[in-house]
2 protein chains.
Amino acid sequence: MRALILSEDGFEDTELLSPYYRLLEEGLKVDIASTRRKKIRGKHGYEVQAELAFEEVDPKHHQLLVLPGGRAPEKIRLSEDAKRISQYFMVEGKLIGTICHGVQTLISAGLVKNRRGTCFQGIQDDLDAAGCEVVDEEVVVDDNWISSRQPSDIPAFNKKIIEKTNQMG
Amino acid sequence: MRALILSEDGFEDTELLSPYYRLLEEGLKVDIASTRRKKIRGKHGYEVQAELAFEEVDPKHHQLLVLPGGRAPEKIRLSEDAKRISQYFMVEGKLIGTICHGVQTLISAGLVKNRRGTCFQGIQDDLDAAGCEVVDEEVVVDDNWISSRQPSDIPAFNKKIIEKTNQMG
């Protein structure tokens with residue numbers, strides 16, 4: 001199994017690192033991609049190496065997409081490649097996990113209409129306006145899309161991602 | 001099952017938060033204690049509430065002790081109560097997990113002699129001088145004591161802690 005994380009400078013550190021460590025713990029290979037190959041830096045100063053640029057990502061090699069929050073998604077959602085990757089996962093019914101602002105990339109990719117999900121409270125109006133039924137719960141599962149609101153939801157978010165990943169075998 | 005984390009200001013944020021979230025994911029109750037009841041702040045600015053002072057901790061209620069790293073352990077190791085708590089876990093053969101500088105509290109409590117473990121590279125000489133066989137591996141298990149070196153070891157550290165916790169039922 002192979003997972004893909006899309007991020008950029010300004011990511012919410014624990015929303016990237018906790019799922020990243022959890023997926024490694026489970027034995028998955030995890031690729032981190034950004035607008036270009038570089039070290040990206042979180043809001044709290046943690047750095048991780050993005051070993052792939054979005055344009056180099058061929059998502060057919062991945063079974064799970066994770067979109068962490070922070071200020072990164074406002075950069076990611078501008079990338080046509082990031083939208084293409086997200087659309088591929090949704091069309092193929094592959095697992096997508098978004099936490100906090102991570103959903104902004106799905107909004108820009110036109111993927112939340114008539115879906116059910118959650119996100120950071122301060123952007124719930126945007127998710128609603130994009131045609132999504134917004135639920136204020138720690139984790140919401142709508143078919144292949146798992147979403148959470150904020151860092152304190154990480155235990156429930158990770159648990160559901162691991163559960164669904166294992167179901168996929 | 002109930003876990004106890006001892007920490008203080010200056011903790012290594014991911015070394016506290018990742019195991020904390022992982023234990024919650026597993027359904028454990030987790031208590032965070034510090035020198036007094038207060039909000040403690042990590043090196044990278046994350047804050048968690050310590051709801052117990054060390055002196056209030058009765059470790060017979062806990063099955064697992066986690067000692068994260070950062071600059072916090074140099075404060076914790078000065079506390080007679082923190083040493084008392086650590087000694088209780090060791091004498092009772094209850095699980096103890098240390099990562100990075102977390103081991104400093106065990107050193108001061110006189111608990112590492114003739115044991116086998118690991119820690120952050122910069123204090124491995126101190127662990128050695130205290131009579132411990134130091135191993136440079138991502139996770140070392142010596143009976144009830146699980147130890148790791150640094151944040152990048154978190155996946156292996158958490159995996160082993162969960163594995164041993166589940167064995168204890």
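## Close-up views of salt bridges, a contact and a strand

**View 1. Asp31(B) and Arg2(B) form a salt bridge, with their closest N and O atoms 2.8 Å apart.** A salt bridge here is a side-chain nitrogen of Lys or Arg within 4 Å of a carboxyl oxygen of Asp or Glu. The partners come from distant parts of the chain, 29 residues apart: Asp31(B) lies in strand β2 (residues 29-34) and Arg2(B) in strand β1 (residues 2-6) of chain B. Helices (H or I, at least four residues) and strands (E, at least two) are DSSP runs, numbered from the N terminus. Asp31(B) is buried at 10% relative accessibility, while Arg2(B) is partly exposed at 29%. Buried stands for under 20% relative accessible area, exposed for over 50%, and partly exposed for what lies between (1.4 Å probe, protein chains only).

A word on reading these views: this is a predicted model, in which local features need pLDDT of at least 70 and side-chain atom pairs count only at pLDDT 80 or more, while totals for chains, interfaces and linings use all residues. Residues are numbered from 1 along each chain as its sequence is written, chains are lettered from A and ligands numbered from 1 in the order in which they are written, and side-chain values use heavy atoms, leaving out hydrogens and water.

**View 2. Where do chain A and chain B touch?** Each chain brings 19 residues to the contact, which means heavy atoms within 4.5 Å. About 1,600 Å² is buried between the chains, 59% of it on carbon and sulfur atoms; buried area is the accessible area (1.4 Å probe) that two parts lose on being put together, summed over both. On the chain A side, Tyr21(A), Glu25(A) and Tyr46(A) lose the most area, together 43% of what that side buries.

**View 3. Salt bridges and polar contacts link chain A and chain B.** The interface holds 2 salt bridges. In one of them, Glu25(B) joins Arg22(A), with the closest N and O atoms 2.9 Å apart. α1(A) gives the most to the side of chain A that touches chain B, with 8 residues.

There are also 13 residue pairs in polar contact across the interface, both residues at pLDDT 80 or more. A polar contact is a pair of N or O atoms within 3.5 Å; within protein, one must be able to donate a hydrogen and the other to accept it, and residues adjacent in sequence count only if both atoms are side-chain atoms.

**View 4. Strand β11 (residues 145-148) of chain A is covered on both faces.** Trp145(A) and Ser147(A) are buried on one side, and Ile146(A) and Ser148(A) on the other. Strand β7 (residues 95-99) of chain A pairs with β11(A) in the parallel sense over 4 bridges; pairing requires that DSSP finds at least two bridges between two strands. Here Gly97(A) stands opposite Ile146(A). Strand β10 (residues 140-142) of chain A runs antiparallel to β11(A), joined by 3 bridges, and Val140(A) has Ser147(A) as its bridge partner. In the hairpin of β10(A) and β11(A), with 2 residues between the strands, Asp143(A) takes a positive phi near 55 degrees.
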